[in-house]
Amino acid sequence: MLPASSPLFSQADLGGLRLRNRVVMAPMTRNRAHPDGSPSALMVRYYAQRAQAGLIVTEGTAPSRTGRGYLRMPGLYLDDHVGPWRRITDAVHAAGGRIFVQLMHVGRVAHSANLDGRPPVGPSDTRASGEILTARGRQPIEAP
């Protein structure tokens, strides 16, 4: 166990943003958003419980409808997404934490079942190998 005097627990400045400590929670995909990409109440609780970290970097969050390749991946591209994300940031801030959203477009690692029937969008038409979880179970990743 680290002593309380460890530099890890000292405050830090991140580009003018004061962090209570140097612990950074890396993004971890949770797949707990509502089917439309709106953050859920479970996500509010999850992030608020971790507000003791100096900085939280959220799970990958789609910046557009075509960027949501994973099942129940959160988005931040509709007005309906903003309120739930605000509840998350307010809960983290109320507990003294800091939080950044990680914007992530999944590109070719996607399936149309997770994109409301639309084909994946990627930088080329090369299909990624592997499978992806959909509401219908595991499916082969589709070509963009």
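This is a predicted model: local features need pLDDT of at least 70, side-chain atom pairs count only at pLDDT 80 or more; totals for chains, interfaces and linings use all residues.
Biologist: Let's start with charges. How many salt bridges are there by the rule used here?

Modeller: The rule asks for a side-chain nitrogen of Lys or Arg within 4 Å of a carboxyl oxygen of Asp or Glu. By that rule, the count is three salt bridges.

Biologist: Which residue forms a salt bridge with R65?

Modeller: D116 does. Their closest N and O atoms are 3.7 Å apart. D116 sits in the loop between β5 (99-103) and β6 (131-134), and R65 in the loop between β4 and α2, so the pair ties together parts that are 51 residues apart in sequence.

Biologist: Which residues are linked with D116 in a network of salt bridges?

Modeller: R65 and R118 are linked with D116 in that network. The D116 to R118 bridge has its closest N and O atoms 3.5 Å apart.

Biologist: How should I read exposure for these residues? Is D116 buried or exposed?

Modeller: Exposed means over 50% relative accessible area, buried means under 20%, and partly exposed lies in between. D116 has 57% relative accessibility, so D116 counts as exposed. R65, at 33%, counts as partly exposed. R118 is also in the partly exposed class, at 36%.

Biologist: What about E131? Which residue forms a salt bridge with E131?

Modeller: R138 is the partner, with the closest N and O atoms 3.4 Å apart. R138 has a relative accessible area of 52%, so R138 is exposed. E131 has 47%, so E131 counts as partly exposed.

Biologist: Now the nonpolar surface. Which residues form the patch?

Modeller: Membership needs over 30% relative accessible area and no salt bridge, and nonpolar side chains are joined within 5 Å. Here L76, V82, V101 and L103 form a nonpolar patch on the surface. Together they have about 310 Å² of accessible area.

Biologist: Take L76. Where is L76 found?

Modeller: L76 is in the loop between β4 (55-61) and α2 (79-94). At 31% relative accessibility, L76 counts as partly exposed.

Biologist: Last, the helices. At what angle do the axes of α1 and α2 cross?

Modeller: The axes of α1 (residues 41-49) and α2 cross at roughly 25°, and they come within 8 Å. Angles under 35 degrees count as roughly parallel, and so α1 is roughly parallel to α2.

Note on methods:
Residues are numbered from 1 along each chain as its sequence is written. Side-chain values use heavy atoms; hydrogens and water are left out. Patches are made of residues with over 30% relative accessible area and no salt bridge: like charges are joined within 9 Å, nonpolar side chains (Val, Leu, Ile, Met, Phe, Trp, Tyr) within 5 Å. Accessible areas come from the Shrake-Rupley method with a 1.4 Å probe; for residues, only the protein chains shown count as cover. Helices (H or I, at least four residues) and strands (E, at least two) are DSSP runs, numbered from the N terminus. Buried means under 20% relative accessible area, exposed over 50%, partly exposed in between (1.4 Å probe, protein chains only). Axes are lines fitted to C-alpha atoms, for helices over the stretch in contact, and angles run from 0 to 180 degrees between N-to-C directions. Angles under 35 degrees count as roughly parallel, over 145 as roughly antiparallel, 65 to 115 as roughly perpendicular and the rest as oblique.
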